[in-house]
Amino acid sequence: MENILASEYVSIGELVRITNSRYSTLKHYTEEGMLPFEQAEENLTRRYKREETAARILWIKEMKENGLSIPQIKEALGMN
């Protein structure tokens, strides 16, 4: 876990661990364009900026807890 928290970029699996989220949920958010990522050239692995993405996931969780739908969350994220 220390290595993950020291990294600038993390994988979706590592995001699952640090945000206590489900893999399928984060994959869905990625497919919806809600979680920006960079594609590593080797293995075509998606890499996420750890701090920015973890904060965004927590914000999305908070909006979901407040009853917002995915389209409403996307609008709040400025994704119109």
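Helix 2 and helix 3 pack at an angle of about 120°, their axes lying 9 Å apart, where axes are lines fitted to C-alpha atoms, for helices over the stretch in contact, and angles run from 0 to 180 degrees between N-to-C directions. That angle makes helix 2 oblique to helix 3, since angles under 35 degrees count as roughly parallel, over 145 as roughly antiparallel, 65 to 115 as roughly perpendicular and the rest as oblique. The crossing of the two helices is right-handed, a term used if the near helix is turned clockwise from the far one by less than a right angle, with anticlockwise giving left-handed. On the side of helix 2 the contact is made by Ile12, Leu15, Val16 and Thr19, and on the side of helix 3 by Tyr23, Leu26, Lys27 and Thr30, contact meaning heavy atoms within 4.5 Å. Helices (H or I, at least four residues) and strands (E, at least two) are DSSP runs, numbered from the N terminus.

The model is predicted, and local features need pLDDT of at least 70, side-chain atom pairs count only at pLDDT 80 or more, and totals for chains, interfaces and linings use all residues. Residues are numbered from 1 along each chain as its sequence is written, and side-chain values use heavy atoms, with hydrogens and water left out.

Helix 2 also packs against helix 4: their axes come within 10 Å and cross at roughly 55°, and the two helices are therefore oblique to each other. Here too the crossing is right-handed; the contact is made by Leu15, Ile18 and Thr19 of helix 2 and by Arg50, Thr53, Ala54, Ile57 and Lys61 of helix 4.

| Helix pair | Angle between axes | Distance between axes |
|---|---|---|
| Helix 2 and helix 3 | about 120° | 9 Å |
| Helix 2 and helix 4 | roughly 55° | within 10 Å |

Which residues of helix 2 are buried? They are Ile12, Leu15 and Thr19, buried meaning under 20% relative accessible area, exposed over 50% and partly exposed in between, with a 1.4 Å probe and protein chains only. Seen down the axis of helix 2, these residues fall within an arc of 50°, so they line one face of the helix; the arc is that of the directions from the helix axis to the C-beta atoms. Their cover includes strand 1 (9-10), helix 3 (23-31), strand 3 (46-49) and helix 4 (50-65).

In helix 3 the buried residues are Leu26, Tyr29 and Thr30, and they cover an arc of only 100° around the axis, which puts them on the same side of helix 3. These residues pack against helix 2, strand 3, helix 4 and helix 5 (70-76).

Thr53, found in helix 4, counts as buried at 4% relative accessibility. Not counting residues up to four places away in sequence, Thr53 touches Leu15, Leu35, Pro36 and Tyr48.

Asn20 lies in the loop between helix 2 and helix 3 and is exposed, with a relative accessible area of 68%. Its phi is near 55°, a positive value in a residue other than glycine. Helix 3, in turn, is followed by Gly33, whose phi is positive, near 80°.

Lys74 has its place in helix 5 and, leaving aside its neighbours within four places in sequence, is in contact with Glu32, Met34 and Met79.
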